Amino acid sequence: MEKRENIMGTMPIPKLLFQLSLPMVLSVLIQSLYNLVDSIFVGRMGDKALTAISLTAPVSMIMLSVGFGLSIGVNALLSLRLGEKNQGAVDKTAGNGLFLVLAGTAVFMLLGFFAVEPFYRMQTADPEIFTMSVDYTRIIMIFSVGLMVQTLVERLLSATGKTLGSMLILSSGAVINLILDPILIFGYFGLPAMGIRGAAIATVIGQIFGAALGLALNVMWNKEIRLYIKNLVPDRKLIKEIITIAIPATLTYAISSILTFVLNIILIGFSSVAPAVYIVYSRIQSFIVMPVWGVRNTIVSVIAYNMGANQKQRVRETIRVSLYTAVVIMLIGTLLFESVPTILLDAFSASDVMKEIGIPALRIIGITLVLNGMSVMFSGIFQSMNNSDKAFIGSVVQTAVTIAAAYLLSLTGNLMLVWLAFPIAEICVFLVNLVFYRKLHRETFAEPTIELGQETFNI
């Protein structure tokens with residue numbers, strides 16, 4: 001434990017972030033293959049199958065948001081308690097976090113049985129799209145225990161600097177999903193072809209395996225956190241602390257599901273293929289931004305630890321390095337969107353109609369990817385410094401502006417103009433984040449600046 005504390009508190013920040021975030025970046029990249037590979041294989045079933053996946057995306061986002069939000073709440077408190085060297089509070093936080101994710105699982109199971117069909121009746125009258133959407137969603141909700149527990153146990157390891165364990169959890173589940181997807185979707189080795197249901201089954205099997213592995217790693221390897229059955233008993237005060245952090249974080253991610261839900265309705269009004277283009281963009285964009293999320297997840301622990309240890313200069317340097325990293329990563333993404341959109345769409349077996357819509361769409365949306373990456377990093381900075389509400393407000397602004405702009409632009413009757421809603425929203429939320437960061441930086445460090453590279457910019 002002492003060695004880990006020395007690393008978190010004394011190792012040079014660039015080296016520390018590289019050492020801790022590299023396994024995390026690799027793991028989240030592999031994890032993003034869950035949805036990416038599903039969509040690639042589902043794309044071979046036709047445009048309607050991709051549209052069905054697009055309609056299921058809001059539900060997947062809500063489940064991941066709840067799991068991720070609770071895990072962020074647990075992670076932030078754990079890192080703070082570790083910095084304070086309060087072992088009893090560390091163990092109790094981990095146990096109560098596990099209680100909360102299991103409670104969330106029970107809720108999703110009930111919704112999976114009773115709420116799925118009414119939800120999709122609101123979105124489509126196409127019987128084929130409806131059936132595929134219901135089949136996929138019901139499976140991932142009823143068996144959501146893998147997703148929920150995996151998300152928590154992975155963050156327990158990352159909170160103590162054991163990002164290699166996090167990588168093993170996420171990558172193992174993703175590899176299993178990669179192997180099972182074609183087998184279950186198309187029916188190899190004597191198994192029946194299950195279509196979109198096979199994609200869902202492959203996903204939940206991978207998640208459940210990752211959850212089981214994560215529990216084992218925490219029990220046998222993560223000595224900084226001790227998982228005791230007695231700590232599963234809910235502590236009202238502690239749960240309130242976790243939820244106080246978790247709710248803004250959860251809503252920050254969950255609000256994206258509202259965005260996807262409304263955009264699907266707007267887009268399907270133009271063409272049944274338009275939502276398929278949207279889900280392809282979402283999958284590609286998610287894969288590109290995942291390295292940023294990996295660094296972002298790492299700085300939550302680093303910043304929280306050093307805030308608890310009152311090492312503010314290390315916090316400042318962590319912020320500088322993380323923002324610089326986000327810019328570099330997303331510049332690469334911009335180049336891909338602008339230069340090879342056809343190749344990106346071909347990976348999803350896109351039809352000619354889909355390419356006609358998708359090529360200009362990807363180029364329009366790709367303009368502001370750098371701003372998107374910086375906003376992701378800002379949200380991590382806010383959450384790690386107990387300002388999750390600022391990340392939530394930024395997410396609300398982005399969703400509201402995107403929906404409003406998409407609706408107003410849709411009134412022109414020109415689908416291509418609707419895609420402009422994305423860069424418009426990215427510019428707005430970036431400016432909001434800058435204002436929030438300036439205030440937070442002044443309150444914490446008394447110097448409202450952003451440092452990139454060797455330069456310091458007054459804001």
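This is a predicted model: local features need pLDDT of at least 70, side-chain atom pairs count only at pLDDT 80 or more; totals for chains, interfaces and linings use all residues.
1. On the helix 16 side the contact is made by Asn372, Ser379, Phe382 and Gln383, and on the helix 17 side by Ser388, Lys390, Ala391 and Gln398. By class, the residues of this contact divide into 2 nonpolar, 5 polar and 1 charged.

2. Is Lys390 buried or exposed? Its relative accessibility is 9%, so Lys390 counts as buried, the cut-off for that class being under 20%. Not counting residues up to four places away in sequence, Lys390 touches Phe382 and Phe436.

3. Next comes the pair of helix 5 (residues 87-114) and helix 7 (residues 127-142). Their axes come within 7 Å and cross at roughly 155 degrees, which means that helix 5 is roughly antiparallel to helix 7. The crossing of these two helices is left-handed. Which residues of helix 5 and helix 7 meet? Helix 5 brings Phe108, Met109, Leu111, Gly112 and Phe113, while helix 7 brings Arg138, Met141 and Ile142. The residues of this contact divide into 6 nonpolar, 1 polar and 1 charged.

4. Helix 13 (residues 312-339) and helix 19 (residues 421-445) form another pair, with axes that come within 11 Å and cross at roughly 160 degrees. That angle makes helix 13 roughly antiparallel to helix 19. Helix 13 passes helix 19 in a left-handed crossing. From helix 13, the contact uses Lys312, Val315, Arg316 and Ile319; from helix 19, it uses Tyr437, His441, Thr444 and Phe445. The division here is 4 nonpolar, 2 polar and 2 charged.

5. Leu434 is also found in helix 19. With a relative accessibility of 21%, Leu434 counts as partly exposed; since buried means under 20%, the class follows from that cut-off. Along the chain, Leu434 and Met374 are 60 residues apart, and their C-alpha atoms are separated by 9.8 Å.

6. Helix 8 (residues 145-159) is worth a look for its length and its surroundings. The helix has 15 residues and reaches 21 Å from its first C-alpha to its last, close to the 21 Å expected at 1.5 Å a residue. How many of the residues of helix 8 are buried? The count is 14 of the 15, so helix 8 is largely enclosed by the rest of the structure. After the helix comes Gly161, with a positive phi near 80 degrees.

7. Ser257 has its place in helix 11, which covers residues 236-268. Its relative accessible area is 6%, so Ser257 is buried. Leaving aside neighbours within four places in sequence, Ser257 is in contact with Pro58, Met61 and Ile62.

8. Phe189 is not a glycine, yet it has a positive phi of about 60 degrees. Phe189 sits in the loop between helix 9 (163-186) and helix 10 (196-220). Its relative accessibility of 75% means that Phe189 counts as exposed.

9. The other is Ser349, again a residue other than glycine with a positive phi, here near 55 degrees. Where is Ser349 found? Its place is the loop between helix 14 (341-346) and helix 15 (352-365). Ser349 counts as partly exposed, at 37% relative accessibility.

Methods:
Residues are numbered from 1 along each chain as its sequence is written. Side-chain values use heavy atoms; hydrogens and water are left out. Axes are lines fitted to C-alpha atoms, for helices over the stretch in contact, and angles run from 0 to 180 degrees between N-to-C directions. Helices (H or I, at least four residues) and strands (E, at least two) are DSSP runs, numbered from the N terminus. Angles under 35 degrees count as roughly parallel, over 145 as roughly antiparallel, 65 to 115 as roughly perpendicular and the rest as oblique. A crossing is left-handed if the near helix is turned anticlockwise from the far one by less than a right angle, and right-handed if clockwise. Contact means heavy atoms within 4.5 Å. Ala, Val, Leu, Ile, Met, Phe, Trp, Tyr, Cys and Pro count as nonpolar, Asp, Glu, Lys and Arg as charged, and the others, Gly among them, as polar. Buried means under 20% relative accessible area, exposed over 50%, partly exposed in between (1.4 Å probe, protein chains only). The expected span of a helix is 1.5 Å times one less than its number of residues.
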